[in-house]
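Biologist: Please take a close look at one part of this model, the surroundings of the annotated active site, and describe what accompanies it elsewhere.

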Amino acid sequence: MKVTKEDLQNVAVLSRLAIAEDQEEKYLGQLDKILTYMDNLSALDTTDVKPTTYALPMQNVFREDVVKESLGREAALANAPLKEDGYFKVPKVLED
Amino acid sequence: MRLYEKPAHVLHDMLVNKEVTAVALTEDVLKRIDEVEGDVKAYLTITRDEALAQAKAVDEKIAKGETISFLEGIPGAIKDNICTKGIKTTCASKILENFVPPYDATAMTKIKAQNPVILGKVNMDEFAMGGSTENSAYHPTCNPWNTDCVPGGSSGGSAASVAAGTSIWALGSDTGGSIRQPASFCGVVGLKPTYGRVSRYGLVAYASSLDQIGPVTRDVTDCANILNIICGHDEMDSTSSEAEVPDFTKALVEDVKGLKIGLPKEYFVDGMDPEVEKTVRAAIEKYKELGAEIVDISLPHTKYAISAYYLIAPAEAATNLQRYDGVSYGERVESDDLVGMMTKTRTEKFGEEVKRRIVIGNYALSAGYYDAYYLKAMKVRTLVQQDYTEAFKKVDVIMAPTAPTPAFKIGEMISDPLQMYLQDACTVPLNLAGLPGMSIPCGYSASGMPIGLQIIGKALDEETIIRAAYTYEQSQNYHNEMAKLGGNN
């Protein structure tokens, strides 16, 4: 196996996903198969190859910093699962 | 012949000549939905009342003698990952089950400026991850040519609705083949424009360096006309191209004399269905007859494209999908603490394939594996792109199958993710290189399933693709044939 149970659970925590113990074997099997296929990349010598992030030439885009109309508070909050007094509401983060 | 069977440009002329009203046209397509949507299941949301109101307004405008634009009064469908103000946009995910965008995607704003009739939002693989529309959290969509088969994906609802006559045109999106492959499976025309041609603002992000919105249509003429509408620079998308947008309808010319068509040998190997190969090669022969010159070429890094794509796309997806945290929009599953709430929300509301890609993506990006996987994939992306650059020094367009097989049966591959990924062998290399590509119907398998020919162009050269596609289309009759479904034909 290329991925250990520990690796899998670490990545799950980073991904904010819970992988139940009885799901681990299925995940590991699928990941192993996929990553084994991807090993074909290691046959390629890419020492002097530059990585491509965007296929077409990209430049940073600047614009004037002018005030324009944007989404109002109500519209921005309209899809919030929980809100109060014009704010998003989340479970308590800090201890008392 | 019913109205729903006609392409948009024919219907546009009929509206202009007052041979039909927009209301009559819309009612005919809605009737078609009543007749076959139960079998096809292309839609997630149908906006029937709004559609009829839009049609009525267009008829009033025509009655006053005003001129109408190309899509005005013509019923179409929008893939459910393109934000539509006031209309639910779910991405076929449970996590966006009740999401109503407060704004329109730029492509949608451009479409709406035409006053079309919007029939609703169409099904897809959840977050555009998949090639069969089986990953929709709501229901699979069926192929109108054989409802036991998948319509392809991820824009399966777009292609199936256009093929079934439950829409006249549709918008889809293509990250690794998601417009071209379903177009191929459903016997319609689908174009992925050059990366940056169409603004991604308001397209729910899957893999930002690969995603493009594009048209799904009955024929090449409709495709060129809709491309004219949706392309153009947008300051809301920092990757939007500033290149001038030509009038693509000027490329609707029947002439491929002297056109150099490259045939990449790497696209005709390994597990390709013999019927697909035979049909595509017959189409190439037709091009030869029409005066084109066929050139054998090699794109040697093709076999690495799937690996690179399935590292880059999940890595970008893992990053993009971090936003679904149960806080600002989307569903939330309550828990006592913040991290618990986020974890529960994502675990319960994301589907299997989405979770799998987030895990692969974060694995490829994590310390210790970054160089071996993600960085390596980005370097291979350079090599894949260089292959095309070299090839296009010798040829004007490249032709290949769109997919290695015709549409497969629902359930046939869903349990084997790798097998499903390998289906994308002919489509993902273009996305890695940012190039435009079109799928047009070029024949049928023995069991009557459509087969698509893929035409790949240089960056920003959709015009040569359109000219080549149009010339072939006009020499054949595939664009006039529809799936036998619900008693038509």
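Modeller: B:Thr279 counts as buried because its relative accessibility is 14%; buried means under 20% relative accessible area, exposed over 50%, and partly exposed in between, with a 1.4 Å probe and protein chains only. This is a predicted model, in which local features need pLDDT of at least 70 and side-chain atom pairs count only at pLDDT 80 or more, while totals for chains, interfaces and linings use all residues. Residues are numbered from 1 along each chain as its sequence is written, chains are lettered from A and ligands numbered from 1 in the order in which they are written, and side-chain values use heavy atoms, with hydrogens and water left out.

B:Thr279 belongs to helix H8 (residues 274-289) of chain B; helices (H or I, at least four residues) and strands (E, at least two) are DSSP runs, numbered from the N terminus. Not counting residues up to four places away in sequence, B:Thr279 touches B:Cys442, B:Gly443, B:Tyr444 and B:Ile451, where contact means heavy atoms within 4.5 Å.

Now to the part you asked about. An unreviewed UniProt entry annotates B:Lys79, B:Ser154 and B:Ser178 as "active site"; such positions are given in the numbering used here, feature names are shortened, and annotations may be inferred rather than shown by experiment. These residues are spread over 100 residues of sequence, yet they cluster in space, with a largest C-alpha distance of 11.0 Å.

B:Ser154 is placed in the loop between strand S3 (117-122) and H5 of chain B. With a relative accessible area of 0%, B:Ser154 is buried. Leaving aside neighbours within four places in sequence, the contacts of B:Ser154 include both B:Lys79 and B:Ser178. Among its other partners are B:Asn123, B:Met124, B:Asp125, B:Gly130, B:Gly131 and B:Ser173.

B:Gly165 follows H5(B), and its phi is positive, near 80 degrees.

Elsewhere, A:Asp7, A:Leu8, A:Val11 and A:Leu14 in H1(A) meet B:Val359, B:Asn362 and B:Tyr363 in H11(B). The residues of this contact divide into five nonpolar, one polar and one charged; Ala, Val, Leu, Ile, Met, Phe, Trp, Tyr, Cys and Pro count as nonpolar, Asp, Glu, Lys and Arg as charged, and the others, Gly among them, as polar.
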